[in-house]
Amino acid sequence: MESLNSENFDDRTKGMCIVDFWAEWCGPCKMLGPVFEQLSKDYKGKLNFFKVNTEEASDIAERFSVMSIPCLIVMKDGQEMGRVVGYMPKDSLKRKIDGIVK
Amino acid sequence: MHDLIIIGGGCAGLSAGIYSARYNIKTLIITKEMGGVLNEAHKVENWPGTRSISGLDLMMKMREHAEGLGVEFVDEEVQKAEKKGKVFTIHTGGKSYQSTALILAMGLKRRHLNVPGEEKFAGKGVSYCYTCDAAFFKNKVVGVVGGNDSAALAAILLSQYASRVYIIYRKDDIRAEPINKKAVEENDKIEVITGTNVVEVRGDKMLTTAILDKPYKGSKEFRLDGLFIEAGSVPSTIIAEQLGVKLNDNKMIIIDREKKTNVEGVYAAGDVTDTVMRQAITAAADGAIAALGAYQYIKKDKVDKY
């Protein structure tokens, strides 16, 4: 999955997308990683999936006021539509995302 | 139909799964969050044979071990559990699963303060995972609510990033392990405010203020950018209650030496039980004993049937 940084962020987040803000030291983020990967297949063609490493791209995390991770932010043309903070299993996460997208 | 369903995929549940698979009983683990509280443990340094390992890595290894032995996994939250005759039925969001025996290993969930504003500012300054979020508070003022060992560890880690760290504790003296308590006392950035509760959190878009029940330096309004909740944990026992499993006054599942509950066929292990020690190693041991009990129960059930 593609990782974004300040150089490509604005360009890549045109349209509808969801961004996973994570860090190496965050246990729940590592748990969420594979779930996010699976979801990217379910939403193929509807939502673009990206990752942001908050350590390497702290400026983007700051821009979106990310203070707790894991944090998934659904965006439309770079504007936040909603976010999900914390780990949850796949089906619960899907219900949350569907609630934001529709 | 499975022989055994284990609810909870933390240390107790995974260990129970490893043992039950080796007893050759068909086992399913249903878990909302594989790894449980250990996922947040930065380092585990008391797991015999391993000097230091992250909690998550230890749990991943245990899961791989269980999977390698043929244990099945469903990563979902259990909504409801019931017993009809001798069969247990466990319902998740959309599916249900049946078994002859059950091991409850749901562990603990974080205690929230349940004060106004807490939910609203969760993820916007209020945090329940200091290992995850400490780095977002560079040069900021943060509070840690609680006085246990994790509160001390949280304050110590946060002091590496934040400009000032306040431990806010309802009792008179923090009760961290001596080594961590000393580290708190010797840390210039950390101050301990005792005998004080946070009764509300306020802010605009982000958290800005904690309201205290007692003035600190003349004011009950306490300016801060982050508030880490380390006020201990409470057991997850809704499922146990649905099955009629007896709990003690602290809502912990009452078990006997064989990890048997008052309900026939239901065993329990780990942090969710009325144990005296809540550590990875004791949870793993509980899981092993519970698996033995479940195995003997299942074997007897099969003999009775035929």
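This is a predicted model: local features need pLDDT of at least 70, side-chain atom pairs count only at pLDDT 80 or more; totals for chains, interfaces and linings use all residues.
Local features need pLDDT of at least 70 and side-chain atom pairs count only at pLDDT 80 or more, while totals for chains, interfaces and linings use all residues. Residues are numbered from 1 along each chain as its sequence is written, and chains are lettered from A and ligands numbered from 1 in the order in which they are written. Chain A has four helices and four strands, and chain B has seven helices and 17 strands. Helices (H or I, at least four residues) and strands (E, at least two) are DSSP runs, numbered from the N terminus.

**Chain A**

- The order of elements along the sequence of chain A is α-β-α-β-α-β-β-α.
- The radius of gyration of chain A, 12 Å, agrees with the value near 13 Å that a compact globule of 102 residues would have. This radius is taken over C-alpha atoms, and the globule rule is 2.2 Å times the number of residues to the power 0.38.
- Along the principal axes, the C-alpha atoms of chain A fill a box of roughly 30 × 30 × 20 Å.
- Of the 102 residues in chain A, 39% are buried. A residue is buried if 20 or more other C-beta atoms lie within 10 Å of its own, exposed if 12 or fewer, and partly exposed in between, with C-beta atoms placed from the backbone.
- For contacts in chain A between residues at least 6 apart in sequence, 72% join residues at least 24 apart. Two residues are in contact if their C-beta atoms, placed from the backbone, lie within 7 Å.

**Chain B**

- Chain B has a radius of gyration of 21 Å, close to the 19 Å from the globule rule for 306 residues, so chain B is as compact as a globular protein of that length.
- The box filled by the C-alpha atoms of chain B, taken along the principal axes, is roughly 75 × 40 × 30 Å.
- Buried residues make up 47% of the 306 residues of chain B.
- Among contacts in chain B with a separation of 6 or more, 61% are between residues 24 or more positions apart.

**Contact between the chains**

- On chain A, 20 residues are in contact with 25 residues of chain B.
- Helix H2 (27-42) and helix H4 (90-101) of chain A each supply at least two residues of the side that touches chain B. H2(A) gives the most to that side, with five residues.
- The side of chain A that touches chain B has 13 nonpolar, four polar and three charged residues. Ala, Val, Leu, Ile, Met, Phe, Trp, Tyr, Cys and Pro count as nonpolar, Asp, Glu, Lys and Arg as charged, and the others, Gly among them, as polar.

**Helix packing in chain A**

- The axes of H2(A) and H4(A) come within 10 Å and cross at roughly 55°. Axes are lines fitted to C-alpha atoms, for helices over the stretch in contact, and angles run from 0 to 180 degrees between N-to-C directions.
- The angle makes H2(A) oblique to H4(A). Angles under 35 degrees count as roughly parallel, over 145 as roughly antiparallel, 65 to 115 as roughly perpendicular and the rest as oblique.
- The crossing of H2(A) and H4(A) is right-handed. A crossing is left-handed if the near helix is turned anticlockwise from the far one by less than a right angle, and right-handed if clockwise.
- From H2(A), A:Val35, A:Gln38 and A:Leu39 meet A:Lys90, A:Leu93 and A:Lys94 of H4(A). This contact has three nonpolar, one polar and two charged residues.

**Helix packing in chain B**

- Helix H4 (residues 149-158) and helix H5 (residues 178-185) of chain B pack with their axes 9 Å apart, at an angle of about 40°. H4(B) is therefore oblique to H5(B).
- The crossing of H4(B) and H5(B) is left-handed.
- In H4(B), B:Asp149, B:Ala152, B:Leu153, B:Ala155 and B:Ile156 meet B:Asn180, B:Lys181, B:Ala183 and B:Val184 in H5(B). By class, the contact has six nonpolar, one polar and two charged residues.

**Local backbone features**

- A:Ile69 and A:Pro70 are joined by a cis peptide bond, with omega about 0°. A:Pro70 is in the loop between helix H3 (58-63) and strand E3 (71-76) of chain A.
- A:Ser65, in the loop between H3 and E3 of chain A, is not a glycine but has a positive phi of about 50°. A:Ser65 counts as partly exposed because it has 15 C-beta neighbours inside 10 Å.
- B:Asn114, also not a glycine, has a positive phi of about 55°. B:Asn114 is in the loop between strand E7 (108-110) and strand E8 (126-127) of chain B, and counts as exposed with 8 C-beta neighbours inside 10 Å.
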